[in-house]
Amino acid sequence: MSAADMKAADPPVTVARVTEGSGAQPPRSAPRRTRRKAGALLPYLLIAPAFVAIAAVFAWPLVKTVIMSFQDVGRRELWTGEAAPWVGFEQFTNILGDGEFWAVVWRTVIFMVVCVLATMVIGLGISMLMQRMDTWVRLLLTAALIAAWSMPLLVTTSIFRWFADSDYGVLNMVLTKYLGVDAQGHNWFLNPVQGFVIIGAVVVWGAIPFVAVTLYAALTQVPKELEEAAALDGAGVAGVFRYVTWPVIKPVFQMVGTLSVLWDFNVFGQIFLIRGNKPEPEYTVLGIYSFEKAFESNSFSQGAAISLITVLLLSGVAVYYLRQLLKIGEVE
């Protein structure tokens, strides 16, 4: 069969033509813009419940706190729901002009710095020891750290109160029986410095597990080849840590340290519980000071204003923390 015969045998193909000026449009496929738009909105719909929960738990109380700080809210307005009078910046000027407030701020800063330094040094030391432990020992230590971290605050403070008890405390018994120091009946909380040592031990005890486990995870990312090469080149233990280990774990160390600053600056429960729900003025930090102004002096607006001032004092630390997170994301 010739090519002409094959061409003649094929059925005719109808070609749709569009006459100019007739207004008819050629057939098109179904538009995909609507489907793309619906797909782009799906992630936002899925996280919408989380945003609602965050707004209910965090955003709305923050808004109410800001409003209260510019009012004079007392017990009557709080219980009856009556509109409180607006006083503008009067609460802030009264607080910032009070010498007691600045004494509390300095006490809080000093306590925070000591606790953060102790937490980071001890946590880094434990994490480096975990590298040199056998696997089963490291697993036992990790389990112990997690158990200490998950211990309720009320239980932890009760243990440390018994530990430092003046009559039956373990600390006084050890000092008297084994170290030859006559500490029987010694009250550690009569001296605020000694009392803050006990309270700081509670804070550090609860913070070390997170720091140690996090820094150990960072240490596992340090290339062993680089450490071995530095050791072969004559670098000592300090040199290997300074020039090889530290640059790798530095971002994580800074992030954990910043979190420790935020947590220790807002310490409340440890002091409140260990002093029997009635801390003495010598043990007042910003969290306790805000609580006392709001609920003991019935000046809820002053308590709200102190809380906002605390947020402003920590805003720089929070911005630094966010910058560290962004840097870690860029490195990864």
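Helices here are DSSP runs of H or I with at least four residues, and they are numbered from the N terminus. In this predicted model, helix 13 is followed by asparagine 298, whose phi is positive, near 60°. The protein as a whole has 14 helices and 0 strands, and buried residues make up 33% of its 332 residues.

**Overall layout**

- Read from the N terminus on, the elements of the protein run α-α-α-α-α-α-α-α-α-α-α-α-α-α, in keeping with a count of 14 helices and 0 strands.
- The axes of helix 6, which covers residues 135-150, and helix 9 come within 8 Å of each other and cross at roughly 140°. This angle makes helix 6 oblique to helix 9, because the label "roughly antiparallel" is kept for angles over 145 degrees.
- The crossing of helix 6 and helix 9 is left-handed.
- In helix 13, the buried residues include Leu286, Ile288 and Tyr289, and Ser290, Glu292, Lys293 and Ala294 are buried in this helix as well.

**Aromatic pairs and a cluster**

- A pair of aromatic rings is described by the distance of the centres and the angle of the planes.
- A search of the whole structure finds 19 aromatic pairs. One of them joins phenylalanine 89 and phenylalanine 92, whose ring centres lie 6.2 Å apart with 50° between the planes, an arrangement that counts as tilted.
- The two partners of that pair fall into separate accessibility classes: phenylalanine 89 is exposed, with a relative accessible area of 57%, whereas phenylalanine 92 is buried, with a relative accessible area of 13%.
- Phenylalanine 196 and tyrosine 283 form another tilted aromatic pair, with 5.2 Å from centre to centre and 40° between the planes. Phenylalanine 196 lies in helix 9 (residues 192-219) and tyrosine 283 in the loop between helix 12 (269-274) and helix 13 (286-296), so the pair ties together parts of the protein that are 87 residues apart in sequence.
- Phenylalanine 196 and tyrosine 283 are both buried.
- One aromatic cluster is formed by Phe268, Phe272, Phe291, Phe295 and Phe300.

**Salt bridges**

- Side chains of opposite charge can pair when their charged atoms come close.
- The structure holds 2 salt bridges. In one of them, the side chains of glutamate 227 and lysine 224 meet at 4.0 Å, taken from N to O.
- Glutamate 227 and lysine 224 both lie in helix 10, which spans residues 224-232, and they are 3 residues apart, about one turn of the helix.
- Glutamate 280 counts as partly exposed at 25% relative accessibility, whereas arginine 275 is buried at 19%, because the class of buried residues takes in values under 20%.

**Backbone angles**

- Most residues other than glycine have a negative phi.
- Asparagine 277 has a positive phi of about 65°, although it is not a glycine.
- Asparagine 298, which follows helix 13, likewise has a positive phi, near 60°.

Key:
Residues are numbered from 1 along each chain as its sequence is written. This is a predicted model: local features need pLDDT of at least 70, side-chain atom pairs count only at pLDDT 80 or more; totals for chains, interfaces and linings use all residues. Side-chain values use heavy atoms; hydrogens and water are left out. Rings of Phe, Tyr and Trp (its six-membered ring) pair if their centres lie within 6.5 Å; planes under 30 degrees apart count as stacked, over 60 as edge-to-face and the rest as tilted. Buried means under 20% relative accessible area, exposed over 50%, partly exposed in between (1.4 Å probe, protein chains only). Helices (H or I, at least four residues) and strands (E, at least two) are DSSP runs, numbered from the N terminus. Axes are lines fitted to C-alpha atoms, for helices over the stretch in contact, and angles run from 0 to 180 degrees between N-to-C directions. Angles under 35 degrees count as roughly parallel, over 145 as roughly antiparallel, 65 to 115 as roughly perpendicular and the rest as oblique. A crossing is left-handed if the near helix is turned anticlockwise from the far one by less than a right angle, and right-handed if clockwise.
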